[in-house]
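Look at the structure first, then read the points below.

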Amino acid sequence: MESVNFFKGYGKLSHLESQNPRPRSASAAITISAILLFTLVIGFTLAALLLQPINDKDPTDSASASSLSSNLVESIKTICNVTRYPDSCFTALSSLNASTKPDLEAFLDLSLQVAITHLSDLSSSFKSLNDLHSQPALKDCLTLFDDALSRLNDSVSAMKVGTGKELVLTKEKISDIQTWISAAMTDQDTCNDGLEEMGWTAADEVVKSQSQSCKESISNSLAIVANMQNLLQKCGRTMH
């Protein structure tokens, strides 16, 4: 039997090796191709993800904002930027009829109307609570809500003058309205403090949501009226 030479000279190939390339070279080519293909797939996937629109929760991207003119959107953003809860503020003011060319008085009026609606809903929910008659603090809240609603309604009425109910603001009216809205906010805070002292917490998620919406809408209205003079100046108007 012919012996097999396992050790060949450095850099020398046998006749058989020169005619039959190693199978390993084909495997290596397949491996490299697979790696390249995988890299391309990863690259395309990352590119697709980077090109997707980013949802940054900007309230101006909502459906309510899509029907508003750019000028109106900017006006609402300017007003809501002075509030503590700009998102809920933008949602509320976006419902104003753009065809009426609203001014700051109209925006404040709408913000107050939203606050009145939220507070009325919260009061109605409290009246339907099962433990209303067994918890004195809940009854106190209803009394406070009635007072707060009266203050907010007074604020709306103070803005309207004449037979056409034109919205007019003066420095005196602004001072009165700010006082009344502050009192309405104090009423809700007093209610919450009383409930906390008695250890009562709303088990109903609807009541919790209504309470937060009420808090935000009253706070937004107060912020708008407190910054009314500065907002008017940005619009090139002065208050008498």
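Helices α6 and α7 are roughly antiparallel to each other, because of the angle between them (angles under 35 degrees count as roughly parallel, over 145 as roughly antiparallel, 65 to 115 as roughly perpendicular and the rest as oblique). The model is predicted, so local features need pLDDT of at least 70 and side-chain atom pairs pLDDT 80 or more, while totals for chains, interfaces and linings use all residues. Residues are numbered from 1 along each chain as its sequence is written, and side-chain values use heavy atoms, without hydrogens and water.

**Helix α6 with helix α7**

- Helix α7 covers residues 136-159, and it packs with α6 at an angle of about 160°, with the axes 10 Å apart (axes are lines fitted to C-alpha atoms, for helices over the stretch in contact, and angles run from 0 to 180 degrees between N-to-C directions).
- The crossing of α6 and α7 is left-handed (the near helix is turned anticlockwise from the far one by less than a right angle; clockwise would be right-handed).
- In the contact of α6 with α7 there are 16 nonpolar, five polar and three charged residues (Ala, Val, Leu, Ile, Met, Phe, Trp, Tyr, Cys and Pro count as nonpolar, Asp, Glu, Lys and Arg as charged, and the others, Gly among them, as polar).

**Helix α6 with helix α9**

- The axes of α6 and α9 lie 8 Å apart, at an angle of about 155°.
- These two helices, α6 and α9, are therefore roughly antiparallel as well.
- Residues of α6 that meet α9 include Leu-108, Leu-112 and Phe-126 (contact means heavy atoms within 4.5 Å).
- By class, twelve nonpolar, nine polar and one charged residues make up the contact of α6 with α9.

**Largest pocket**

- Its volume is about 250 Å³ (a pocket is an open set of points on a 1 Å grid over the protein atoms alone, where a 1.4 Å probe fits, with protein on both sides within 12 Å along at least five of seven lines; lining residues have an atom within 4 Å of a point).
- Of its 16 lining residues, Asn-192, Leu-195, Trp-200, Ala-202 and Ser-211 are the closest to the centre.
- Helix α8 gives the most to this lining, with seven residues.
- The lining has eight nonpolar, four polar and four charged residues.

**Second largest pocket**

- The second largest pocket has a volume of about 160 Å³.
- Its lining includes Leu-72, Pro-102, Phe-107 and Arg-237.
- The elements that give two or more residues to this lining are α4 (70-80), α6 and α10 (228-234) (helices are DSSP runs of H or I, at least four residues, numbered from the N terminus).
- Helix α4 gives the most, with four residues.

Terms used:
Grid points are joined across faces, edges and corners, and a volume is the space filled by probe spheres set on the points.
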